[in-house]
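User: Could you take a close look at the annotated active site for me? I would like one connected account of how its residues sit in the fold.

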Amino acid sequence: MGVEVVGAQGERYDEILTERALGLIETLHREYDGRRQELLARRKERIAEIAAGASLGFLPETKDVRDDPTWRVAPLAPGLVDRRVEITGPTDRKMTINALNSGAKVWLADQEDANTPLWENVIGGQLNLLDAITRRIDFSTDAKSYELKPDEELATIVVRPRGWHLPEKHILVDGSPVSGSLVDFALYLAASGQLQIDRGQGPYFYLPKMESHLEARLWNDVFVTAQEYLGIPRGTIRATVLIETYPAAFEMEEILYELREHSAGLNAGRWDYMFSVIKTHRTRGADFQLPDRNSVTMTVPFMRAYTELLVRTCHKRGAHAIGGMAAFIPSKDPAVNEQAFAKVEADKRREAADGFDGSWVAHPGMVETCKAVFDAVLGSQPNQLGKLREDVSVTAADLLDVAATPGEVTEAGLRNNVSVAIQYLAAWLQGTGAVGIFNLMEDAATAEISRSQIWQWRQNGVVLDSGETVTTELVQRIADEEIAKLGDDPDRFKAARETFLEVALADDYADFLTLPAYERMP
C-alpha cells in the first residue's frame with residue numbers, strides 16, 4: 001500500500017492501525033482528496049467575493065430542492081430516536097466513562113474542538129472508544145475508580161471527526177498528509193463500526209465546519225465508498241451536521257438533501273457560528289462587528305433567526321433539530337452555581353419551547369438540568385418532530401442582521417478574550433482540548449471567537465468603553481498583564497502567547513487558529 005504511518009507506535013496501536021483501516025484511508029484519500037482541496041479553495045473564493053461586495057443568500061440554483069415538498073431524510077436510527085440531552089467531550093479514558101454514564105441520551109465523542117490532535121490522542125481516543133464498546137474500559141486514580149454502567153443505561157456514541165480543513169501529518173499517502181477528517185472517520189469505522197451494528201446501533205457521526213451542500217455531498221460519497229469497502233450495509237452510517245458556519249445557514253435544506261440516506265439531523269453550533277460570522281465578513285466594517293462575545297445571546301435577532309430556521313428546516317424533512325452548547329460547569333462557589341444553573345435552565349427552556357428535540361451540555365453535572373426541561377415539554381414523546389414550526393419565515397436579511405445586535409466593546413471583554421485564548425492555547429499545545437476557564441468549559445470554538453474579535457476590533461480601530469483604541473500595543477500589553485494575573489510560571493504561556501498574537505494581530509487573517517498551532521505540535 002502507499003500508506004506510511006510516521007507517528008510513533010504505542011501499546012495496542014496495531015488494534016487501530018490495521019491493514020483494513022489503512023487500506024480504507026488510502027482508498028478515500030486517492031478518490032476524494034482532490035475534491036476536498038477544490039472545496040477548500042472554493043471557501044477562499046467565496047470570502048474574496050464577499051470582501052468585494054457580494055452577499056450571502058439562499059442559492060437560486062438549488063431552489064427546486066427547497067421547494068420540493070416530497071423528500072425526507074432516512075428514518076430515525078436505533079439509539080438516536082430520543083436525543084433530549086447530549087453531552088460533549090473529548091475521548092480520553094476518564095471522560096469516555098463519565099460521558100457514557102452521565103444519564104445523557106447521546107455522547108458526542110469529540111475528536112475535534114474538545115480534543116487536540118496529538119498523535120497519542122488520535123489513536124488513544126480510538127482505543128478508548130473500542131474498549132468502551134467492548135466493555136473493556138476502566139480508569140482509576142488514588143481516590144476513585146471508574147467503570148461503565150449496564151449497556152441499557154449508557155449514552156449512544158456519536159463521533160465528531162476533525163473538519164475538512166485539518167490535516168493528519170502522522171499518516172501519509174503517496175508522501176502527502178491525509179485529511180484529519182478522513183483519518184478519524186476511517187479509523188473509527190474500521191475498528192468499531194461493525195461492533196456498533198452488532199450491538200443494535202450503528203456508526204454515527206457529527207460533521208463539523210462544513211460551509212456548503214457540496215461539502216455534505218462529499219461526505220455522503222465518502223460514506224457510500226466506505227460502506228462498500230468494509231461490507232457494511234448502505235445507509236447504516238448516520239450523520240448529524242453542525243450548522244456552525246455562516247454560509248451553511250443558507251444551505252440547511254440542501255445539506256440535509258445531500259445526506260438524506262445518512263442524515264440524522266442538524267445541530268445549532270452556536271459558538272463556531274459566531275466565529276464564522278466574524279470570519280466571513282471580517283473586512284466589511286461595523287455592520288458585521290459583534291460586541292463582547294458574552295453579551296451575544298441566543299435571543300439577539302440574527303441568532304434567533306438562525307435557530308428558528310434550523311428547527312423549521314429539520315422538522316419539515318423529518319430530521320432532528322439539536323440545540324446548542326451549555327458551556328457552564330459546576331463551581332465550588334454556591335452563588336456562581338446558582339447563577340449558572342439558572343442560565344442553563346432558561347436557555348434550555350427557550351430551545352424546548354422553540355421545538356428543538358434535544359440540546360447539549362458540556363459537563364455531567366448539567367445533564368439533569370437539561371433533561372428536566374425537555375422532560376417537561378416532551379412528556380412520554382421521544383422528540384418534537386411533529387412540531388413543524390410552519391409559523392416561521394426567515395429571510396436572508398434576517399440571518400444577516402448582525403448590526404441589530406445590542407452591546408458594546410469593553411476593556412473587560414477584550415481582557416477576557418485575551419486571557420481565555422492564551423489559557424486555552426497553553427492547554428491545547430500540551431494535549432488538552434477541553435479546559436475549564438472562568439467557570440465555562442472552553443474549547444477551540446471559543447478561542448477562535450476570542451482571537452477573531454480582537455483581529456476585527458484592531459482592524460476597525462474600535463474604541464473601548466475605557467476610551468482606549470484597540471491597537472497592537474494595547475493587545476500585547478494586556479496579554480502580558482493577564483498572564484501575570486495567573487500567578488504561574490510565565491514561560492508556561494510563552495508558546496501560547498506567541499501563537500495567539502501571531503493570529504490575532506497579523507495583517508492577514510488566518511482561517512483557523514488550530515492550523516498554526518498544529519504546526520507547533522509534535
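Analyst: Happy to! Buried here means under 20% relative accessible area, exposed means over 50%, and partly exposed lies in between (1.4 Å probe, protein chains only). This is a predicted model, where local features need pLDDT of at least 70, side-chain atom pairs count only at pLDDT 80 or more, and totals for chains, interfaces and linings use all residues. Residues are numbered from 1 along each chain as its sequence is written, and side-chain values use heavy atoms, with hydrogens and water left out.

The "active site" feature comes from an unreviewed UniProt entry, which places it at Arg160 and Asp443. UniProt positions follow the numbering used here, feature names are shortened, and annotations may be inferred rather than shown by experiment.

Arginine 160 belongs to strand 6 (residues 156-160); strands (E, at least two residues) and helices (H or I, at least four) are DSSP runs numbered from the N terminus. With a relative accessible area of 3%, arginine 160 is buried.

Aspartate 443 sits in the loop between strand 15 (440-442) and helix 14 (444-459), and at 14% relative accessibility aspartate 443 is buried too. Setting aside neighbours within four places in sequence, aspartate 443 is in contact (heavy atoms within 4.5 Å) with Asp113, Ala114, Arg160, Tyr424 and Gly433. The aspartate 443 side chain also reaches the backbone nitrogen of alanine 445 at 2.9 Å.

Notes:
A polar contact is a pair of N or O atoms within 3.5 Å; within protein, one must be able to donate a hydrogen and the other to accept it, and residues adjacent in sequence count only if both atoms are side-chain atoms.
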